[in-house]
Amino acid sequence: MTTLTEPNAHAARRSGPLKVSFEFFPPKTPEMEESLWRSVMRLAPLSPRFVSVTYGAGGSTRERTHNTVVRILNETGLKPAAHLTCVGASKGEVDEVAQHYWQAGIRHIVALRGDAPEGSGGFQPHPQGYANSTDLIAGLKKIADFEISVGCYPEGHPDTASPRIELEHLKRKADAGATRCITQYFFDTDVYFRFLDRARSAGITIPIVPGILPVTNFRQVTKFSAACGASVPAWMADQFDGLDDDPETRRMVAAHIAAEQCRRLLAAGIDEFHFYTLNRADLTYAICHVLGVRPKPAIAGEVAA
């Protein structure tokens, strides 16, 4: 595994107790909805800073995302954030979705360009739509004073020509009103720190929260990583070698790898993580427990409901 270089270089940036947030995807079936809600309720006692709900390629889950986010707001004490993209919709249609969120009480948007539907030949802006995530952020800020999180790619977005252009995109998003950046997942902590240093040197001052992906299906994540530009270290392949038919051991290995990754980041002063849960709560819960993120103890004399 990699080791941190200059482990104290970022320590001064840690400003308080560890904060976490969790990402879910909207359910496609009644069975998946039940599984999602079990995951939400399992993780809710950890008091996440927020929970986000993704948006399918081409806006394919728009209605389910909206319904899930509103239900989280109405039926839990959690603060939900809704993903919103530019793909396949006019500005008027996107603005209408954002207005509905605000009216429903949703104050946090994860604003993304979005991925084109598979087989469509790549992203093309809608003729009457937002051209990119920077335009989307500016449009959202005209609608209401949303808290806006955005994505970033420490190893580069597949559609971006160079690291310099990647940082220019992120700087424009921050200048347009983004208040937080959440990274694409990565497995080598030095990748994150190099990106963080370059971003700060480029004048990007908003928080850059590491996105953590606990891996349970190594073959699947290797395939997905090749498509999205995230590298998979050789040491990680070695950790999962021979476990294709042993899901229980894979989960234990996954928990160890993700917890160690977070501990290295913590040791260097990083105090906030965003977990891509894949709607599976137990693994994320275990990692948080190892990191010291646990339910608040009951108040003495408090009677359980």
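At what angle do the axes of H1 and helix H2 cross? Before I answer, please keep in mind that this is a predicted model, in which local features need pLDDT of at least 70 and side-chain atom pairs count only at pLDDT 80 or more, while totals for chains, interfaces and linings use all residues. Residues are numbered from 1 along each chain as its sequence is written, and side-chain values use heavy atoms, with hydrogens and water left out.

The axes of H1 and H2 (residues 62-75) cross at roughly 35° and come within 12 Å; helices here are DSSP runs of H or I with at least four residues, strands are runs of E with at least two, and both are numbered from the N terminus. The axes are lines fitted to C-alpha atoms, for helices over the stretch in contact, with angles running from 0 to 180 degrees between N-to-C directions. Where they meet, Glu33, Leu36 and Trp37 in H1 face Thr68, Arg71 and Ile72 in H2, contact meaning heavy atoms within 4.5 Å. By class, that contact has 3 nonpolar, 1 polar and 2 charged residues, where Ala, Val, Leu, Ile, Met, Phe, Trp, Tyr, Cys and Pro count as nonpolar, Asp, Glu, Lys and Arg as charged, and the others, Gly among them, as polar.

Let me turn to the sheet. It is open and parallel, with 9 strands in the order S7-S6-S5-S4-S3-S2-S1-S9-S8, and two strands pair if DSSP finds at least two bridges between them. Strands S7 (208-209) and S8 (211-212) stand at the edges with a single partner strand each, so one side of each has no neighbour in the sheet. Further in the list, S3 (residues 80-85) pairs with S4 (residues 108-112) in the parallel sense over 4 bridges, and alanine 82 stands opposite isoleucine 109 in S4. Helix H4 (residues 133-143) packs on the sheet, where it touches S3, S4 and strand S5 (147-152), and its direction makes about 155° with that of S4.
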